[in-house]
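Hi,

Here is the structure I promised to pass on to you. My notes on what I found in it follow below, with the cut-offs spelled out so that you can check them.

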Amino acid sequence: MPIGPFGIDPGIWAPLRLLLAVALTLFLVLNGALLMIYLERKIQAIIQDRTGPHHVGPFGLLQTFADAIKLLSKEDVRAKATDKAFFLMAPMIVFSPMVASFVVLPFAPDFVGADLNIGLLYLTTLGSMAVLGIVIAGWASNNKYSLIGGLRSAGQLISYEVPQILSLVTVVLVVGSLSMVDITRSQAGPFVNFLVLPFAFVGYFIAALAETNRTPFDLPEAESELVAGYLTEYSGMRWGTFLALTEYGEVTVVCSIMTTLWFGGWQGPGVDALPALGIVWFTLKVYVFVLAFMWVRATLPRMRIDQLMDFCWKVLIPMALVNILATAVLLLAFPGNLWPIAIVNWALVAALVFALPALQKRRLRTFRERTRLSAA
Amino acid sequence: MPDYNLSYFYVFAFFVAAAIFITLLLGLARLIAPRKVTVEKARTYESGEEPVGQAWSRYPTHFYVFALLFVVFDVEVIFLFPWAVLFRTLGWYGLVEMVIFIAILVVGLYYAWRKKALNWY
Amino acid sequence: MTFDFLEMVLFAILAIAIVGAGAAVVLVGRITSAALFMAFTFLCMAGMFLLLGAETIAAFQVLIYVGAITVLILYGVMFTPQGSRDYGLFFQKQTPWAIVFVAFLAVPVMVFASSFQDGRPLARGGDLVPLATSLFGDFAYPFEVASVLLLAALVGAIVLVKRDDEEIR
């Protein structure tokens with residue numbers, strides 16, 4: 001075993017590194033949530049032409065601290081009919097996989113918690129564990145609203161996992177490895193994977209919006225729908241864990257996956273000289289996507305549950321499968337040449353953006369004519 | 001090659017740390033927050049109305065269809081992962097195998113679509 | 001503390017957890033608790049795979065069993081009445097016959113299990129590549145048959161659900 005960094009004895013460095021990794025992750029999750037809640041409110045405010053939080057602290061920066069203290073001091077109201085053990089277990093089942101995702105995220109060269117061989121597979125596995133927590137939360141509350149909300153939310157989450165994984169597999173086809181560090185290193189210079197696989201990126205972006213329960217897929221959180229779905233009976237910090245910590249943590253994880261797979265992760269000018277600069281580039285790219293998420297939230301209306309399921313199973317999954325097959329065929333037919341794949345992918349993006357709305361418009365027109373004819 | 005045992009110990013440690021963190025956080029909330037249990041507060045929430053009946057009466061079965069569709073496609077995806085990693089080694093033979101596999105499952109998806117099993121209600 | 005000793009300890013813990021959780025699935029009063037103990041059993045089995053060095057299979061186990069099948073079972077189970085089942089499993093009429101049968105089976109099973117020899121130890125953690133090569137090479141035909149099996153399950157479930165819906169109407 002080589003001498004650890006800073007000349008520390010490796011026997012001490014190994015557990016110290018673990019402790020630092022855990023502390024850093026929890027710090028990141030907690031402060032990330034605080035920062036993102038503030039950003040969300042400010043950005044929504046700016047887009048909606050109002051001010052947003054500005055009383056507490058300069059520019060309202062301390063607003064989320066105040067909110068966190070408020071949540072901690074709220075009474076943990078628990079209905080008598082709730083199933084105690086499962087009710088208490090659910091936030092932990094949803095929170096733990098999200099924290100464990102941070103083990104494989106590559107922030108900078110040699111700055112990974114543990115570079116697992118199956119890094120990408122590990123991340124999807126953790127994503128699927130969170131669904132269980134939501135089903136349990138909805139059921140344990142013994143509340144009709146919670147149960148329906150929980151089942152709907154779980155249905156949405158499991159449906160959108162499929163196009164999410166299909167998009168990831170497309171990248172693995174091109175890169176040839178599941179390790180996150182390998183995927184980052186395979187994107188040399190400015191030729192990032194986004195230029196080659198934009199449709200996979202778009203598919204993953206949409207699926208990630210659905211997986212993290214963000215608008216336009218935030219039916220489970222909508223105030224006007226089913227009260228608050230599976231969160232109805234949770235109050236105070238339990239609710240805070242579910243909504244603030246887990247959701248924003250999951251948004252961070254998902255945006256990190258997007259930067260690693262499609263935009264080169266930590267790479268950027270100057271990283272070869274100063275590896276720590278990788279953290280800066282990584283964080284910047286992640287926050288670009290986080291801001292994109294918030295922008296989408298402030299702009300788009302909410303989709304109905306049947307619209308969102310239709311979109312997943314009838315549009316995203318077939319197109320993602322076509323993408324995988326086309327990429328595979330082209331990779332074998334033209335080994336080493338990535339241009340045909342890029343062309344096919346951009347064509348699919350164009351199809352999604354232009355052809356699909358045109359198709360829907362034509363269907364709507366024929367439907368309207370048919371109803372008019374049958375009514376006449 | 002990074003050390004296998006150490007990597008998975010990290011995974012385990014992160015899970016344990018998350019559980020401890022949540023317990024501490026909720027413990028802190030328990031210390032700070034008031035606890036006054038009243039009959040009203042212990043009632044299940046139903047938008048101000050009195051809750052009627054048990055939460056689990058008969059429910060539509062379409063949830064189950066989507067869950068099963070998800071199981072089928074999840075297994076498909078599981079086969080896709082090793083195929084994608086070893087893609088170039090497996091060559092055209094592997095591609096044909098995978099195409100047959102996906103085609104059979106797409107037939108299932110098409111069947112579900114035509115039988116209106118994909119409609120939410 | 002060498003890893004061999006730790007491995008034995010972990011194996012013992014996981015084995016007790018698997019058997020205990022499995023027993024809990026059968027014995028526990030409420031059916032949703034049984035489903036969750038089943039999920040816990042799956043998690044412990046994934047831990048066993050990890051201990052053997054098969055990280056890909058462990059990930060598959062969690063992804064399919066805990067992520068998909070447990071949700072499926074919970075969906076099915078949540079529609080059933082939730083009354084407590086009584087502990088009718090012990091001291092029934094069949095218990096003596098069951099003991100005899102298990103004792104009868106235990107002898108050949110023990111003989112068979114003690115005939116296992118240590119195979120060639122594989123490198124820990126490198127199981128994705130051998131899995132893929134053997135799956136798409138030697139086991140290509142069972143792989144295709146698996147897809148037909150999945151298709152049959154899918155079609156069967158759709159037929160049952162549709163018939164159920166029409167009966168309601």
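**Where chains B and C meet**

The contact (heavy atoms within 4.5 Å) draws 42 residues from chain B and 45 residues from chain C. Before going further, some bookkeeping: this is a predicted model, in which local features need pLDDT of at least 70 and side-chain atom pairs count only at pLDDT 80 or more, while totals for chains, interfaces and linings use all residues. Residues are numbered from 1 along each chain as its sequence is written, chains are lettered from A and ligands numbered from 1 in the order in which they are written, and side-chain values use heavy atoms, with hydrogens and water left out.

The size of an interface is often given as the accessible area lost when the parts come together. Between chain B and chain C, the buried area (accessible area, 1.4 Å probe, that two parts lose on being put together, summed over both) is about 4,000 Å², and carbon and sulfur atoms give 79% of that. The two chains have 0 salt bridges between them, a salt bridge being a side-chain nitrogen of Lys or Arg within 4 Å of a carboxyl oxygen of Asp or Glu. There are 2 residue pairs in polar contact between chain B and chain C, both at pLDDT 80 or more. Here a polar contact is a pair of N or O atoms within 3.5 Å; within protein, one must be able to donate a hydrogen and the other to accept it, and residues adjacent in sequence count only if both atoms are side-chain atoms.

On the side of chain B that touches chain C, the elements giving two or more residues are helix 1 (4–32), helix 2 (62–85) and helix 3 (87–114) of chain B. Helices (H or I, at least four residues) are DSSP runs numbered from the N terminus, as are strands (E, at least two). Helix 2 of chain B gives the largest share of that side, 17 residues.

**A caution on chain B**

Chain B has a mean pLDDT of 79, with 78% of its residues at 70 or more; pLDDT is the predictor's confidence in each residue, from 0 to 100. Residues 47–56 of chain B have pLDDT below 50, and this stretch has 18 contacts in the model beyond near neighbours in sequence. Where pLDDT is low, the predicted coordinates should not be read in detail.

Chain A comes to 12 helices and 0 strands. Of its 376 residues, 59% are buried (under 20% relative accessible area; exposed is over 50%, partly exposed in between, 1.4 Å probe, protein chains only). Among the contacts in chain A with a separation of 6 or more, 76% are between residues 24 or more positions apart.

Over all chains, the structure holds 5 salt bridges. One of them pairs Arg297(A) with Glu40(A), with the closest N and O atoms 3.3 Å apart. Arg297(A) sits in helix 10 (residues 277–299) of chain A and Glu40(A) in helix 1 (residues 10–47) of chain A, so this pair ties together parts 257 residues apart in sequence. Arg297(A) is partly exposed at 25% relative accessibility, whereas Glu40(A) is buried at 3%.

Another joins Arg214(A) and Glu247(A), with the closest N and O atoms 3.4 Å apart. Arg214(A) lies in the loop between helix 8 (198–211) and helix 9 (236–262) of chain A, and Glu247(A) in helix 9 of chain A, so the pair ties together parts 33 residues apart in sequence. Arg214(A) is buried at 2% relative accessibility, and Glu247(A) is buried at 9%.

Arg304(A) and Asp306(A) also form a salt bridge (2.9 Å, N to O). Salt bridges with shared partners join Glu40(A), Arg214(A), Glu247(A) and Arg297(A) into one network.

Best wishes
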